[in-house]
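Student: I have just opened this structure for the first time. Could you take me through it step by step?

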Amino acid sequence: MASVPRHGLFSQARGLTTDQRNAFIAAFLGWTMDAFDYFLLIFVLSEVASSFGASVTQVAFATTLTLVARPFGALFFGLLADRFGRRLPLMADVLFYTIVEFLTGFSNSLTMLLVLRTLYGIGMGGEWGIGASLALEKIPPEKRGFFSGVLQEGYAFGYLLAALMFYLVTQLLGLSWHWLFFIGALPALLVLFIRARVGESEAWEQTQERMRQTRTSLSEVVFNRTVLRRFVYLVILMGFFNFMSHGTQDIYPTFLEEQHGFSSDMAVLVAVIYNVGAIIGGIVVGSLSERIGRRRAIIASALVGIPIVPLFALSSSPGFLAAGAFLMQFVVQGAWGVIPAHLTEMSYDEIRGFFPGVTYQLGNLLAALNLPLQSAIASSTGGNYALGLLAVTIPVLIGVAVVTALGGEARGVRFGKGEAGRVS
């Protein structure tokens with residue numbers, strides 16, 4: 001029997017200890033529920049607008065406020081994670097965004113909704129960076145590609161759950177959109193799991209000891225010129241990445257319903273199909289990055305996405321639209337599947353609690369106007385949502401490939417050993 005290649009998908013998926021597996025599960029579920037809560041609003045934009053007597057564009061601005069607030073959450077909770085460890089700040093963050101999500105269900109005005117979605121953004125911004133650091137600091141270096149892909153696709157899995165929950169609650173049970181946010185309080189249970197089953201990051205503990213011995217402060221690391229240059233580069237890279245994901249996802253259900261006359265049931269079915277593609281893509285490309293490198297995997301995914309754009313945005317039949325969306329999310333989330341490993345490896349041991357999360361969320365900030373922009377383009381062209389998709393998708397796919405090619409990578413770096421900063 002032929003042996004499984006060292007960097008093969010199945011080889012990477014096996015062999016975790018109980019603690020490593022529990023840390024990964026906690027990070028995955030945290031990110032899944034984060035995305036689940038975020039995308040609930042995407043599916044009910046029209047319903048919320050109707051109940052508040054507002055336009056879809058006005059309600060869509062709530063997603064902008066969420067994205068704007070995320071860097072603040074990443075910075076606040078990330079700094080706590082670098083100072084006090086990963087576990088306690090992660091539990092506090094999950095509890096915070098769960099409470100805000102539950103309160104969103106009581107919204108009785110557009111203003112209240114916008115305020116709560118801004119607060120929710122703070123919690124959403126904090127979770128990804130801490131969760132990714134906790135999980136990937138424990139995962140063996142040779143397995144990071146696979147688990148990076150699975151971790152990031154917690155986002156697509158959350159989108160999938162949001163689509164299914166929207167169908168169950170509003171279509172089958174006939175309940176109002178408010179109930180979706182009450183159900184969004186389920187992540188509170190994750191706090192109990194982290195408290196009972198997840199140990200602290202050994203890499204963080206080793207780094208703290210080294211900093212004490214060398215008398216190194218966080219400010220010395222943060223304001224180092226090399227660190228600042230890498231920080232700016234990663235923010236730009238994540239700006240393109242976030243435009244790529246939000247530009248191909250946020251407006252798509254509305255595009256299907258408003259421009260092609262899809263029923264809510266059919267739009268949900270297509271969302272399920274393309275999120276399955278996203279999950280498969282993230283795992284496959286993330287695993288592949290362990291063999292061919294982080295940058296090559298990202299660049300290949302972005303370039304393959306360009307010829308898929310016409311099928312994705314300009315098709316007219318349900319079958320071709322579903323196929324185009326499946327393929328587009330396969331490559332978009334395939335590239336994203338590399339990001340947890342790539343950002344944590346490019347981060348420095350002393351600041352891994354906030355560095356990946358803040359660069360990620362500042363990139364989100366750059367992309368915060370995506371949904372209102374696409375909605376405005378559609379409104380100004382008589383409901384041509386396809387034009388909004390085209391105006392964003394092609395340029396950002398090219399941008400992701402180019403910016404990634406200009407940077408470096410640190411595949412295989414050992415966390416907590418003083419190797420951080422080594423980039424090839």
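Tutor: A term to begin with: buried means under 20% relative accessible area, exposed means over 50%, and partly exposed lies in between (1.4 Å probe, protein chains only). By that rule Lys-138 is buried, with a relative accessible area of 6%. This is a predicted model, in which local features need pLDDT of at least 70 and side-chain atom pairs count only at pLDDT 80 or more, while totals for chains, interfaces and linings use all residues. Residues are numbered from 1 along each chain as its sequence is written, and side-chain values use heavy atoms, with hydrogens and water left out.

Student: With which residue does Lys-138 form a salt bridge?

Tutor: The partner is Glu-202, and the closest N and O atoms are 3.3 Å apart. A salt bridge is a side-chain nitrogen of Lys or Arg within 4 Å of a carboxyl oxygen of Asp or Glu. Because Lys-138 lies in helix 6 and Glu-202 in helix 11, the pair ties together parts that are 64 residues apart in sequence. Helices here are DSSP runs (H or I, at least four residues), numbered from the N terminus.

Student: Is Glu-202 buried, exposed or partly exposed?

Tutor: Glu-202 counts as partly exposed, at 36% relative accessibility.

Student: How many salt bridges are there by this rule?

Tutor: The count comes to 15. One of them joins Arg-212 to Glu-209, with the closest N and O atoms 2.9 Å apart. Both residues lie in helix 11, three residues apart, about one turn of the helix. An α-helix has 3.6 residues a turn, so residues three or four places apart point the same way.

Student: What about Asp-82 and Arg-86?

Tutor: Asp-82 and Arg-86 form a salt bridge, their closest N and O atoms being 3.1 Å apart. Both residues are buried.

Student: Changing topic, where is Glu-409?

Tutor: Glu-409 is in the segment after helix 22 (385-406). Glu-409 counts as buried, at 9% relative accessibility. Its side chain makes a polar contact with the side chain of Arg-411 (3.4 Å). A polar contact is a pair of N or O atoms within 3.5 Å; within protein, one must be able to donate a hydrogen and the other to accept it, and residues adjacent in sequence count only if both atoms are side-chain atoms.

Student: And how many residues of helix 7 are buried?

Tutor: Nine of the nine residues in helix 7 (residues 144-152) are buried. Among them are Phe-146, Phe-147 and Leu-151.

Methods
Helix = DSSP H or I, 4+ residues; strand = E, 2+ residues; numbered from the N terminus.
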